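Please take a moment to look over the sequence and the structure shown below, and keep both in view while reading.

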Number of protein chains: 2
Amino acid sequence: MSLLIRHAKVLQCPSPGAVRVLDNHDVLIRDNRIVSISPSGSAADTPDEILDAHGMLLMPGLINCHSHVPMVIFRGLAEDVSLEKWFNEYMWPLESNLQEEDVYWGMLLGLAEMIEAGVTCVADHYFFMDRAAEAVQQAGTRAALGWAVFGNQGTAALDRTAQFCKRWNAAADGRITTWMAPHAPYTCDDDFLRAARDRADELGVGIHIHVAETRGQTEAHVKKRGITPIRLLDDLGLLRLPTLLAHAVGATEDDIRLLADRPAGVAHCPKTYLKLAMGIAPVVAMRKAGVTVGLGTDGAVSNNTLDVWESMRLMAMTQKEACGAAEMMTLAETLHIATRGSAQVVGLGDRIGAVEPGCLADLILVDLNGPHHQPLHSVPASLVYAARASDVHTVIVNGKVIMRDRRLLTLDKADIIRQVSRSLERLSRRVPESRIQVYAP
Amino acid sequence: MSLLIRHAKVLQCPSPGAVRVLDNHDVLIRDNRIVSISPSGSAADTPDEILDAHGMLLMPGLINCHSHVPMVIFRGLAEDVSLEKWFNEYMWPLESNLQEEDVYWGMLLGLAEMIEAGVTCVADHYFFMDRAAEAVQQAGTRAALGWAVFGNQGTAALDRTAQFCKRWNAAADGRITTWMAPHAPYTCDDDFLRAARDRADELGVGIHIHVAETRGQTEAHVKKRGITPIRLLDDLGLLRLPTLLAHAVGATEDDIRLLADRPAGVAHCPKTYLKLAMGIAPVVAMRKAGVTVGLGTDGAVSNNTLDVWESMRLMAMTQKEACGAAEMMTLAETLHIATRGSAQVVGLGDRIGAVEPGCLADLILVDLNGPHHQPLHSVPASLVYAARASDVHTVIVNGKVIMRDRRLLTLDKADIIRQVSRSLERLSRRVPESRIQVYAP
């Protein structure tokens, strides 16, 4: 099967300092890979299918490096509360209602939302992940899945999550990869984290974990243990493996130097940090030191959406503000993080995140004809500061078109919403006594 | 003419502490006013026209309290630069290219963008405002227009802007109001500001002015003059009149106490502040003191769009972050500022900004059926944290439908974009030597 995308503008982010937009180019896809990029009209092939992209921008599909996608079922239920209350009085009590079926329908709903927003890959960290994987299989997207596990569930639970990794790694035509997913240093003891590391090592997978979510967590950990939580992960040997660190808002200068030397990447989720007043992550310092950073949304109970455009824009703006310098976090660097950075963070840096021959064809067409983009003096500026999820016109994953002209081709949106809404009342019940964990880092 | 909107959810924001959503209600509009709101099916009238709003939310049209709408023609031309460079090397050199015709087409383009985003009223502050007023007349929106003027243009120029106020106040079926619009204390001397005050007083209009855009401006002013720029405006008698203060990011505690006692309102434009690293405005302190605050976008050269949804969300999030408390700037307070607050700031607090009998019918229907809103546990949370400009389905201004099912009924979008794009090259020319002003506050 071959697919030719014609007359597109093409975004390329070769380095953090450079962004370029090719005008009027054709991109040829064969099976699941990009074969060639050439000025329009110069390709000799007769493709099986042609997409006309006149007036549109072709770019890598967005990647959501950290989420709990099925939590969309609780969207809007925990507003205007502190982080401590958010966990102890809202999130963890709500999750005591969670049923396996909710994960399946919630994952489908979140995937529908993300496809509509041009997100082609997600690193997800949640429960009942076999059902999440089935949803990904059906949706046609790419995903790096980890089954979340707490220390007090014991190593038997850990083994079950390792079994999940084994079952689904490289499944769905290679669209699914898996990670071990111990929740966080403050909910997993040292032995448990070591055991998680061993399982990951045996399986040849990475580790996706929350760490240093706030400066306060780092300080509390230093007080209790004498070292930062990031340093602890290193001491326990986790950072020898590919590690996906969610948040690291509370990373110290020492932590940043350490991370720059490890095969670790940071998933940055700025909307959650703002909404829960968690502080501003030191992204500029991380990038300066050479730490890989990618964009995430976190779950929809803190973010409210799964919109990576918004993560991108908020990262750029909050970093400028935090540095007190509008020159920081330029368009080029922001787009580099959103594409190549995110691909690296989810462990697929050699396969996705760029429109280049040889890359897997995870691509989106963005319609820049709306009045909010016009006149189009600068495509990069439009992408970072004006684009909306609703501007995404066409979505391609692994060479297959899964949204065309904003119609989802793999999912029945109305049915998914109907299925989720049936449980609306049960899902919103909140019994603080039946919380699944206690937040006391 | 009567119009019945049936089966809507209706947003009401009676106070900063309270927000409620009526379910399945009918709203009757006669001519340009809301006549009644009642549970669906209970109205006896036979209206001339019916709009079915099943699954949609009816709320006041959004109000953009501070913009320079025609600047959309320069969108994306000044990225990643400091405020000083933004003015001196980009904005003011670019504006030396400005022609009267650009204002007309730029205004139309910006109005198209705003209507699509549910913005029904804008307080605009720019040049060649007769052409802007013609565009508003044609678009069918509401606007509070001021012709921007600098001190070095002299009082003859001031008089021409006063003539504009006279010509257009209450024009277009009352949809247009006018303001005197001296640029800022740092570009207008005391005599000029006094003269502007006198013209406003004679005409019975308010004053729309930039002030204390950053903390640095306030400090520089105190150093030079011994008082803050806000105190200066008061000393010169401007704050005795209805005053629309753009930004006030650098308002001191004293300034805030002063403003609470004056008929002044603050237009808050958080995206500009973030992008240009101007600091976080003390909105929570202002609201606590009783200062009226509304939302604006500023021009599209700093904001990149004219999206008031984004202003609303950024205000809520940056205030939480700046206060270090997620409990601050609640959903209810945020929506109150976005509706009643903004209406007051543009001088129309008794006429727009609420869905209530007697109010002018400036209303929008927001489609909450998208996967990014589902399941719909909380309408207020969805509006503040999940809604996108593209969710706006129908727009009504002064009782007339001007967008239906996302089709603009008053403007020819394709033609407007064509007209603006013709001048793309001329507009992007930048000759720093021909800047229209120098920024040295």
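A residue is called buried if 20 or more other C-beta atoms lie within 10 Å of its own, exposed if 12 or fewer do, and partly exposed in between, with the C-beta atoms placed from the backbone. The model is a predicted one, in which local features need pLDDT of at least 70 and side-chain atom pairs count only at pLDDT 80 or more, while totals for chains, interfaces and linings use all residues. Residues are numbered from 1 along each chain as its sequence is written, and chains are lettered from A and ligands numbered from 1 in the order in which they are written. Helices (H or I, at least four residues) and strands (E, at least two) are DSSP runs, numbered from the N terminus.

With these terms in hand, turn to strand 9 of chain B, residues 176-182, which is mostly covered, since seven of its seven residues are buried. Both of its faces are covered: B:Ile176, B:Thr178, B:Met180 and B:Pro182 are buried on one side, and B:Thr177, B:Trp179 and B:Ala181 are buried on the other. Two strands are said to pair if DSSP finds at least two bridges between them. Strand 8 of chain B (residues 142-149) pairs with strand 9 of chain B in the parallel sense over seven bridges, and within this pairing B:Trp147 has B:Met180 as its bridge partner in strand 9. Between these two strands the chain crosses through helix 4 of chain B (residues 154-168), and this β-α-β crossover is right-handed; the term applies if, with the strands pointing away from the viewer, the path from the first strand over the helix to the second runs clockwise.

Strand 9 of chain B also pairs in the parallel sense with strand 10 of chain B (residues 206-211), over two bridges. Here B:Met180 stands opposite B:Ile207, and B:Trp179 stands opposite B:Gly206. Together with helix 5 of chain B (residues 190-203), strand 9 and strand 10 of chain B make a right-handed β-α-β unit. Six of the six residues of strand 10 of chain B are buried, so this strand is largely enclosed by the rest of the structure. Its residues B:Gly206, B:His208 and B:His210 point one way, while B:Ile207, B:Ile209 and B:Val211 point the other way, and all are buried. Strand 10 of chain B is in turn joined by five bridges to strand 11 of chain B (residues 243-247), the two running parallel, and the bridge partner of B:His210 in strand 11 is B:Ala246.

In chain A, consider strand 7 (residues 119-126), in which eight of the eight residues are buried. Strand 6 of chain A (residues 62-67) pairs with strand 7 of chain A in the parallel sense over four bridges, and A:Ile63 has A:Cys121 as its bridge partner there. Strand 7 of chain A pairs with strand 8 of chain A (residues 142-149) too, in the parallel sense over six bridges, where the bridge partner of A:Cys121 is A:Arg142. Strand 7, helix 3 (residues 129-139) and strand 8 of chain A make a right-handed β-α-β unit.

What of a residue that is not enclosed in this way? A:Glu253 lies in helix 8 of chain A (residues 253-260), and this residue counts as exposed because it has 10 C-beta neighbours inside 10 Å.

Finally, consider how the two chains are arranged. Chain B can be laid on chain A with an RMSD of 0.0 Å by a turn of 180° and a shift of 0.0 Å along the axis, where copies are superposed by least squares on the C-alpha atoms of residues with pLDDT of at least 70 in both. The two copies are thus related as by a two-fold rotation axis, and in chain B the C-alpha nearest that axis is that of B:Ser390, 3.3 Å from it. Two residues are in contact if their C-beta atoms, placed from the backbone, lie within 7 Å, and on this basis 50 residues of chain B are in contact with 50 residues of chain A. Helix 11 of chain B gives the most to the side of chain B that touches chain A, with five residues. Because 100% of the interface residues of chain B are also interface residues in chain A, the copies meet through the same surface.
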